[in-house]
Amino acid sequence: MSDDLKILSLDALHRDLGGKMVPFAGYSMPVQFPAGVKEEHLWTRSKAGLFDVSHMGQAVLSVGGGSHEDVSALIEELVPGEIKKLGKGKIRYSLLMAEDGGVLDDLMITRFPADQDREGSLFLVVNAAVKDQDYAYIAEKLAGRATLEVLDRSLLALQGPKAVDVIAAMDPEAATMPFMSMRRVTLEGMDVSLSRCGYTGEDGFEISVANEDADKLARLLLAHDDVAPIGLGARDSLRLEAGLCLYGHDMTPATSPVEANLIFALGKRRRSEGGFLGADRVLSELAEGTKTLRVGIKPQGRAPAREGVEVKTADGTKIGQVTSGGFGPTVEGPVAMGYVDVAYADEGTEVHLDIRGKLQPATIVTLPFTEPRYYRGPKK
Amino acid sequence: MTTKFTKDHEWIRVEGDVATVGITTHAAEQLGDVVFVELPDVGKSFDQGADMAVVESVKAASDVYAPISGEVVEANGSIVDAPESVNEAPEGDAWFVKLKLANAGELDGLMDEAAYKDHVANG
C-alpha cells in the first residue's frame with residue numbers, strides 16, 4: 001500500500017461506515033460499502049446515494065476587476081462551449097481542448113450566482129486524475145490575463161430521486177432549482193455552493209463545502225433514512241448506464257469531441273465561429289465526419305464486455321474497442337460503450353465482441369441505457 | 001469425504017473418483033455480487049491449474065482454475081442461469097463442475113480446511 005496517498009476529509013467517516021478503501025487518482029477512496037456495488041447502485045436509483053467526490057478538482061478562474069464577458073472570452077479559448085451567454089448561477093458541461101483537437105479533460109463550468117460578489121469569475125470542477133495538469137495548462141494558456149485559484153474544499157454528491165427532499169428539508173428553495181444551476185446557500189449553518197447536477201443520470205446535487213464542515217454535512221445527510229453511502233464501484237456503473245464518459249477511458253487526448261459524440265457540448269455559435277484550441281480539427285470533423293464514433297454497445301448475452309474488449313464483425317475483422325463496460329444493475333444485464341468505425345455506428349447495427357476469444361453478439365444502441373431523470377424546473 | 005482447498009480459493013470435495021469443485025465463501029465475498037458465470041463443456045479435460053471457468057462480479061472478471069487434473073463430467077447450469085447463487089451458497093448448491101480425477105495424487109498437494117483458513121488470514 002502506497003503511503004503517499006492523499007487522505008480525504010471524510011476518511012474517518014468512510015472507515016466508520018465500513019468502506020473498502022482503495023487507491024484512486026492518488027487518493028484513498030471507498031470503492032464500496034458493506035451493502036455492495038449492486039445494492040448501492042439500485043439504492044441510488046430508487047432513493048438517494050451520498051458520494052464523496054472530494055478528489056475532484058475545484059478552482060476559480062478570475063479576471064481581476066473584470067466582467068463575465070472578460071472571463072468567458074478567455075475560457076472560450078480553451079473550451080468549445082457557449083460560456084459568454086451562460087446565465088448567472090448556471091452550469092455548463094464542457095471540454096478542455098488540446099491544440100490538436102484532442103480532449104484533455106471534461107469539466108463543469110459555473111457562472112457564480114447573482115447574489116455573489118464573484119462577477120468576472122467562473123467556478124471550475126475538473127477530474128481528479130488530471131487536475132494538476134489541467135491547472136498548469138489553463139494557467140499557462142491564460143498567463144497574465146487571468147488567475148486560477150485552486151480551492152481546497154470537499155465535494156459531496158447526493159444523487160437519486162429522494163435527494164431533492166433531503167436537501168429541501170434544509171433549504172426549501174432547492175426544490176425548484178433547475179438541473180445545471182448553482183446557488184450559494186447556508187445548510188445548517190454551513191456555507192456551501194449547491195449545484196443541481198451529477199454523474200448518475202438521476203436528479204441530485206453536488207455540494208462544495210469547506211473541509212472542516214464536510215464530516216458534519218455528510219453525517220447530517222446520512223442521518224436521513226433515504227440516504228446511504230455509495231462507493232466508486234456504483235458510481236462507475238451508474239454513470240455507465242447513464243451513458244456518461246469517464247475521462248481517460250471513454251475520452252483521451254487522442255479523441256476529439258466529435259468522435260466522442262459530444263456535439264451537444266459544442267455551442268452553436270462556437271461551431272460556426274471556432275476560436276477555441278483544436279477548432280480546425282473539430283470544425284472539419286463536424287463538416288466531414290470522423291472515422292470512428294463513441295456508441296453504446298449492448299451485449300446480447302450475459303457476458304459483460306469490459307474495457308479493452310475488441311469489437312469485431314461476424315468474420316472477425318476488428319472494427320472498434322470497448323472503452324467502458326460491465327454489468328448494469330438497473331438494466332439487469334451487461335452494458336458497454338466504446339468506439340467503432342462509423343460504418344458500424346448506426347443504432348441497431350449487429351456487431352460482435354471478442355470476449356476471451358469467443359465472438360459474442362451485441363447491438364449498437366443509442367446512449368443512455370437508462371433514461372435521465374433530471375429536474376428541468378417547475379411544471380408550467 | 002473431505003474438502004480440500006487451493007491457494008486460489010477453490011474448494012474440492014471428492015467422492016470416489018469424482019470431485020465437485022467450487023469457489024470458497026471467502027472468494028465469493030471478495031468478488032462481490034456475481035453477475036456472470038461461464039462453465040466448461042462436459043467432456044473437456046483440464047490440467048491442474050489451467051483456466052477452467054470464469055466468474056464475473058459487478059467489479060471484475062476472475063478465472064477459476066482446475067484444482068486438479070481431470071475431465072468435466074457435469075457442469076452446474078443453475079449458476080449460469082442464476083449467477084447470484086454463487087454469493088448465496090458458494091460452498092453448497094452453487095458448485096461449478098464435477099471432475100473425474102485424472103491423478104488422485106494431486107489431492108495431497110492441496111490444503112485442508114485449517115491450512116486454508118490460515119492462508120486466508122495470512123495470505
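In this predicted model, the sulfur of Cys245(A) sits 16 Å from the closest cysteine sulfur, which belongs to Cys197(A), and that is too far for a bond. A disulfide is, after all, a covalent bond between the sulfur atoms of two cysteines, and the cut-off applied here is 2.5 Å between the sulfurs. Counted by this rule, the chains together hold zero disulfides. Cys197(A) accordingly takes part in none, with the sulfur of Cys245(A), 16 Å away, as its nearest cysteine sulfur.

Arg239(A) is itself buried, with a relative accessible area of 1%. Leaving aside residues up to four places away in sequence, Arg239(A) touches Tyr199(A), Leu244(A), Cys245(A), Leu246(A), Asp250(A), Ser324(A) and Met337(A). With Leu244(A) there is a polar approach as well: a polar atom of the Arg239(A) side chain lies 2.8 Å from the backbone oxygen of Leu244(A).

In α2(A), which spans residues 37-46, the buried residues are Val37(A), Glu40(A), His41(A), Thr44(A) and Arg45(A). Viewed down the axis of α2(A), these buried residues fall within an arc of 135°, so they line one face of the helix.

Turning to the partner chain, the contact draws 14 residues from chain A and 15 residues from chain B. About 1,300 Å² is buried between the two chains, with 47% of it on carbon and sulfur atoms. On the chain B side, Val35(B), Val58(B) and Lys59(B) lose the most area to chain A, together accounting for 38% of what that side buries. Polar features are present too: seven residue pairs are in polar contact between the chains, both residues at pLDDT 80 or more, and four salt bridges cross the interface. In one salt bridge, the side chains of Arg356(A) and Glu56(B) meet at 3.1 Å, N to O. The elements of chain B that give two or more residues to the side touching chain A are β4 (34-38), β6 (51-57) and α2 (77-81).

Terms used. Residues are numbered from 1 along each chain as its sequence is written. Chains are lettered from A and ligands numbered from 1 in the order in which they are written. This is a predicted model: local features need pLDDT of at least 70, side-chain atom pairs count only at pLDDT 80 or more; totals for chains, interfaces and linings use all residues. Side-chain values use heavy atoms; hydrogens and water are left out. Buried means under 20% relative accessible area, exposed over 50%, partly exposed in between (1.4 Å probe, protein chains only). Helices (H or I, at least four residues) and strands (E, at least two) are DSSP runs, numbered from the N terminus. The arc is that of the directions from the helix axis to the C-beta atoms. Contact means heavy atoms within 4.5 Å. Buried area is the accessible area (1.4 Å probe) that two parts lose on being put together, summed over both. A polar contact is a pair of N or O atoms within 3.5 Å; within protein, one must be able to donate a hydrogen and the other to accept it, and residues adjacent in sequence count only if both atoms are side-chain atoms.
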